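Let's take a friendly walk through a protein model. Keep the structure open as you read, and look for each piece when its name comes up.

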Amino acid sequence: MERSYASRSSGELATAASGSGRPVRVIPLRHPPGFGSISSSSPPWWRAAVGRARSMGPLEWAEAALPCVAWMRKYRWKEDLQADLAAGITVGVMLVPQAMSYAKLAGLHPIYGLYTGFIPLFVYAIFGSSRQLAVGPVALVSLLVSNVLGGIVNSSSELYTELAILLAFMVGILECLMGLLRLGWLIRFISHSVISGFTTASAIVIGLSQIKYFLGYSVTRSSKIIPLIESIIAGADQFSWPPFVMGSTFLLILLTMKNLGKSNKRLRFLRASGPLTAVVLGTIFVKFFHPPAISVVGEIPQGLPKFSIPRGFEHVMLLMPTAVLITGVAILESVGIAKALAAKNGYELDSNKELFGLGIANICGSLFSAYPATGSFSRSAVNHESGAKTGLSGIIMGIIIGGALMFMTPLFTDIPQVDYEEAIFLWGIDKKDFFLWAITFITTLVFGIEIGVLVGVGFSLAFVIHESANPHIAVLGRLPGTTVYRNTLQYPEAYTYNGIVVVRIDAPMYFANISYIKDRLREYELNLPNSNRGLDVGRVYFVILEMSPVTYIDSSAVQALKDLHQEYKARHIQIAIANPNRQVHLLLSRSGIIDLIGDGWCFVRVHDAVQVCLQHVQNSSSSALKLASQASGDSADSISTPKAEKQRLKQDDFFKNLWKAHDGNADSGGEVQPLLRQNLV
């Protein structure tokens, strides 16, 4: 069983003659360029980057620096302008009341919400790569700002506002660094279940933190559900009916308009105009009836924000964990929805450019008194549904906010202050994803948003590591009538051959998973997979590794393969390698594994490897068969026994089954087809 197959030249087909003269035609596996050389033929990453930079023209440089150039030079004024105007006005009107309410949620004066929805929109329209993402203040970031800064300083002090603005500057710097260092791929490690569980729990916390405007009494500011509920129960004796009735009425108006806008495309504008409608009705009611139990926003400064450098840099280290957390939320909330909207609208989006655009928007916003801004799920969805085509819709939103700051702030004085379905879906689809959703949801509710994010991301990474360290490994068989090999669990009718195991490793091979791979290969030797072709030879003689899914192999895996080869060699088992990619083949060659296994045991196709293994089994079995036949003949001369006759027939069947197999097709008419065809290429 240890005889090696003859080496083949790269330019011609080789044959291996069997005892009966039937050849096996095999496609030669060519050595990759750079084989035998110490240095790699691939240029260093920096040299490739320099080469790409030199090949870029002025227009490509302009698009790289200013993503808005990509849509501006292809802008269709007749088709796109009307859609962008409609979307920009719709979302801009929606943003005015939202911005003020989110600022109150952050513990800031409502004017800072309008500032956050002004300058960042213009900057993002120029530097951002998404054409539908609506940037500005969002509820989740506002709650994070309130939760962290509230533990440092009193929200009524000037330092509180300065630290909120400084946070925007720090978040912007972090986002720009992540974009420049090309760390946008980090979003791939965050499961959708974690995002869903986190946002669902955050929505509950945000809702409870704002219930004070319905109940008419103060509620403890916290990102944890237990202190919120305790505070709500403790102040129940201060309950006031007027704000509860007004709040419930406005909530009913909002929900009704939102549902009408979703269910009827013609009434789509109602979804966006719901918040403004509630604000207008509430303002009119307070203006005419002056109810003493209902608090109002108060005076709002008129005019555009002035340029100023953020202050409070001595608190940078204290704010750094929060800045990192808000940056993480920006990745989850902004980049995720931006990529989804880009896919729906048929253009590519670079996560790194997106992070850089958000960073520049936050840095510039902080210079004009804005607190951290990011992309909004709800406003981006409305922007997309309203037909936004380009970043011009964001510029129009900014113009509306600017108009509100210039001319409408006196009208805001009397404004009153006012996903279990995902869990069910995940339970039915994947219990692991449901577990991630549940652990993130519960942790965020009980321990707060910061701990919820860390635990959710931690469990997400743990699942990634587990999946990477325990990759999928499949036993392959040949589909009847073809030379195609597929997973036998998926195709039970596939042909498998006794004494030969074909294994496909569906992952890179590296230090974290090589022990698991070795253990699985040993299992196949000890617990022989059921085979349906050939006489049962009782053990494995050949292990064929299908390596086309293996994109990478490291030094630990190389050493493990060498150890495995030595173990197999001691038990007369031959390893064969099929279809390695260029990089893997080059590394196996340089590490000496190809020489150790034998150059003749590397193949282009699994089918070639199986045929050569069958050829060796046949050659070895043919010699054993002659000896067995002679022994049977000598025994017959002396005495003929039923046992000897049965053994002879069994050996004859073994010989035939090695060379022939029933195709099993209706077209074949039950005829036996040879496995080793002379005209096979």
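Below, we start with the whole protein, move on to a sheet, and finish with some salt bridges.

## The big picture

Before anything else, keep in mind that this is a predicted model. The protein has 681 residues, and 48% of them count as buried.

What about the outside? The protein exposes about 32900 Å². Carbon and sulfur atoms supply 62% of that area.

## A sheet of six strands

Now find the open sheet, built from six strands in the order E4-E3-E5-E6-E7-E8, with mixed pairing. Which strands sit at the edges? They are E4 and E8 (602–603), and each of these pairs on one side only. As a bit of background, strands of a sheet pair through backbone hydrogen bonds, and they can do so parallel or antiparallel.

E6 (residues 542–546) and E7 (residues 574–578) are parallel partners, joined over five bridges. If you want a landmark there, Ile-544 has Ala-576 in E7 as its bridge partner. Helix H21 (residues 514–526) packs on the sheet, where it touches E3, E5 and E6. The direction of H21 makes about 45° with that of E3.

## Zooming in on strand E3

E3 covers residues 473–478, and it pairs in the antiparallel sense with E5 (residues 500–505) over three bridges. In that pairing, Ile-473 stands opposite Ile-505 of E5. E3 also runs antiparallel to E4 (residues 485–487), again with three bridges. Here Gly-477 has Arg-486 in E4 as its bridge partner. E3 and E4 make a hairpin with six residues between them, and Gly-481 in the turn has a positive phi of about 80°.

Are the residues of E3 buried or exposed? Six of its six residues are buried, so the strand counts as mostly covered, given that buried means under 20% relative accessible area. In a regular strand, side chains alternate between the two faces of the sheet. In E3, Ile-473, Val-475 and Gly-477 point one way, while Ala-474, Leu-476 and Arg-478 point the other way. Both sets are buried.

## Salt bridges

How many salt bridges does the structure hold? There are eight. One of them brings together the side chains of Arg-311 and Glu-158, at 3.6 Å from N to O. Arg-311 lies in the loop between helices H13 (269–289) and H14 (316–344), while Glu-158 is in helix H8 (residues 158–180), so this pair ties together parts that are 153 residues apart in sequence. Both Arg-311 and Glu-158 are exposed.

Another salt bridge links Arg-504 with Asp-506, and their closest N and O atoms are 2.7 Å apart. Arg-504 counts as buried, at 18% relative accessibility, whereas Asp-506 is partly exposed, with a relative accessible area of 28%. Then there is Glu-523 with Arg-520, where the closest N and O atoms are 3.8 Å apart. These two are three residues apart in helix H21, which means about one helical turn separates them. Glu-523 is partly exposed, with a relative accessible area of 40%. Finally, salt bridges that share partners join Glu-158, Glu-162 and Arg-311 into one network.

How values were computed. Residues are numbered from 1 along each chain as its sequence is written. This is a predicted model: local features need pLDDT of at least 70, side-chain atom pairs count only at pLDDT 80 or more; totals for chains, interfaces and linings use all residues. Side-chain values use heavy atoms; hydrogens and water are left out. Buried means under 20% relative accessible area, exposed over 50%, partly exposed in between (1.4 Å probe, protein chains only). Helices (H or I, at least four residues) and strands (E, at least two) are DSSP runs, numbered from the N terminus. Two strands pair if DSSP finds at least two bridges between them. Contact means heavy atoms within 4.5 Å. Axes are lines fitted to C-alpha atoms, for helices over the stretch in contact, and angles run from 0 to 180 degrees between N-to-C directions. Accessible areas come from the Shrake-Rupley method with a 1.4 Å probe; for residues, only the protein chains shown count as cover. A salt bridge is a side-chain nitrogen of Lys or Arg within 4 Å of a carboxyl oxygen of Asp or Glu.
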